[in-house]
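User: Hi! I'm new to reading protein structures, and I'd like to go through one with you. Could you put it up on the screen?

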Amino acid sequence: MLEKIFEISPSFFWAGLSLLFGILVAKFFERISQRFFEKIRINLVLKRIGLKDSFEKIGISFDAQKFFSEIVQWFFIILFLMLSFEILGLTKFADFLEKVLFYFQNIFISILIFVLASYLIDFSQKVFLASFEKEKITYSRIFGKGFSLSIWALTALAILYQLKIARELILATFVGVILIIALVVGISFGLAGKEFAEKFLKEIEEKLK
């Protein structure tokens, strides 16, 4: 049967074979991605910082491990689909998919930004906010929520900028958010006092050693 298909059109045969191989490769890298995100415990981190619960409240079950792994899988499927179109001589479709593949680098960087932000918030809750609660500062909860929201706001802006969505507006908003965060942090340390600030910074230094 394969010989008959090859006799009819060698390009169709090789294009189909290329796409089939691409699907297998995509599945392979999807499993590797699953294991990687499982090892870094991204779902557990998102649960700890309350993001998974927030999604569940609005009826969305967000599995970051599965979602990011599927993005990796689609990258390889599109890559081999582009190669199949090249074999068939459909250059316009191949050129379009090539542009899509170039855009994937922005998506991967956005995923990295999201993951780093999640770990930063998780770290801050363990070290930074714990120090505030230890000192029994009245506004520790408010400050904690404000700090987390500020990180998420910056993360959202960074991701939108990376995805090339309204870049000029994003830059202006980004500067505004940075100024607000600086103001909040300045006021918070002012309320807490110089002595607490020095003690807090020493504690972080000791924990990082």
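User: Thanks! Where is L44 placed?
Analyst: L44 sits in helix α3. Helices here are DSSP runs of H or I with at least four residues, strands are runs of E with at least two, and both are numbered from the N terminus. Before we go on, note that this is a predicted model: local features need pLDDT of at least 70, side-chain atom pairs count only at pLDDT 80 or more, and totals for chains, interfaces and linings use all residues. Residues are numbered from 1 along each chain as its sequence is written, and side-chain values use heavy atoms, with hydrogens and water left out.

User: Is L44 buried, exposed or partly exposed?
Analyst: L44 counts as partly exposed because its relative accessibility is 40%. Buried means under 20% relative accessible area, exposed means over 50%, and partly exposed is in between, using a 1.4 Å probe and protein chains only.

User: And how far apart are the C-alpha atoms of L44 and A64?
Analyst: They are separated by 9.9 Å, and the two residues are 20 residues apart along the chain.

User: OK, zooming out. How many helices and strands does the chain have?
Analyst: There are nine helices and zero strands. Starting at the N terminus, the order of elements reads α-α-α-α-α-α-α-α-α.

User: What percentage of the residues count as buried?
Analyst: The figure is 35% of the 209 residues. A94 is one example: it counts as buried because its relative accessibility is 0%. You'll find A94 in helix α6, and its C-alpha is 9.7 Å from that of I78, which is 16 residues away in sequence.

User: Now charges. How many salt bridges does a search of the whole structure find?
Analyst: The search finds one. A salt bridge here is a side-chain nitrogen of Lys or Arg within 4 Å of a carboxyl oxygen of Asp or Glu. The partners are R48 and D122, with 2.7 Å from N to O. This pair links distant parts of the chain, with R48 in helix α3 (residues 42–48) and D122 in helix α6, 74 residues apart.

User: Are those two buried or exposed, and why?
Analyst: D122 is buried because its relative accessible area is 5%. R48 counts as partly exposed, since its relative accessibility is 41%.

User: Which residues form the positive surface patch?
Analyst: That patch is made by K27, R31, R35 and K39. Patch residues have over 30% relative accessible area and no salt bridge; like charges are joined within 9 Å, and nonpolar side chains (Val, Leu, Ile, Met, Phe, Trp, Tyr) within 5 Å. Lys and Arg count as positive and Asp and Glu as negative, while His and the chain ends are not counted. R35 belongs to helix α2 (residues 10–39), and it counts as exposed because its relative accessibility is 57%.

User: Which residues make the nonpolar one?
Analyst: W14, L17, L20, L24 and I87 make a nonpolar surface patch of about 480 Å². Helix α2 gives the largest share, four residues. I87 is in helix α5 (residues 64–88), and it counts as partly exposed because its relative accessibility is 36%.

User: Switching to rings: how many aromatic pairs are found?
Analyst: A search of the whole structure finds 15 aromatic pairs. In F62 and F67, the ring centres are 6.0 Å apart and the planes are at 55°, so this pair is tilted. Rings of Phe, Tyr and Trp (its six-membered ring) pair if their centres lie within 6.5 Å; planes under 30 degrees apart count as stacked, over 60 as edge-to-face and the rest as tilted.

User: Which cluster do ring pairs make?
Analyst: Ring pairs join F36, F37, F62, F67, F68, F114 and W152 into a cluster. Of its members, F62 counts as buried because its relative accessibility is 16%, while F67 is partly exposed, with a relative accessible area of 42%.

User: One last thing: what is the phi of R41?
Analyst: R41 has a positive phi of about 55°, although it is not a glycine. R41 lies in the loop between α2 and α3, and it is exposed because its relative accessible area is 55%.

Terms used
Areas by Shrake-Rupley, 256 points an atom, 1.4 Å probe, with all protein chains shown as cover. Charge placed at Lys NZ, Arg CZ, Asp CG, Glu CD.
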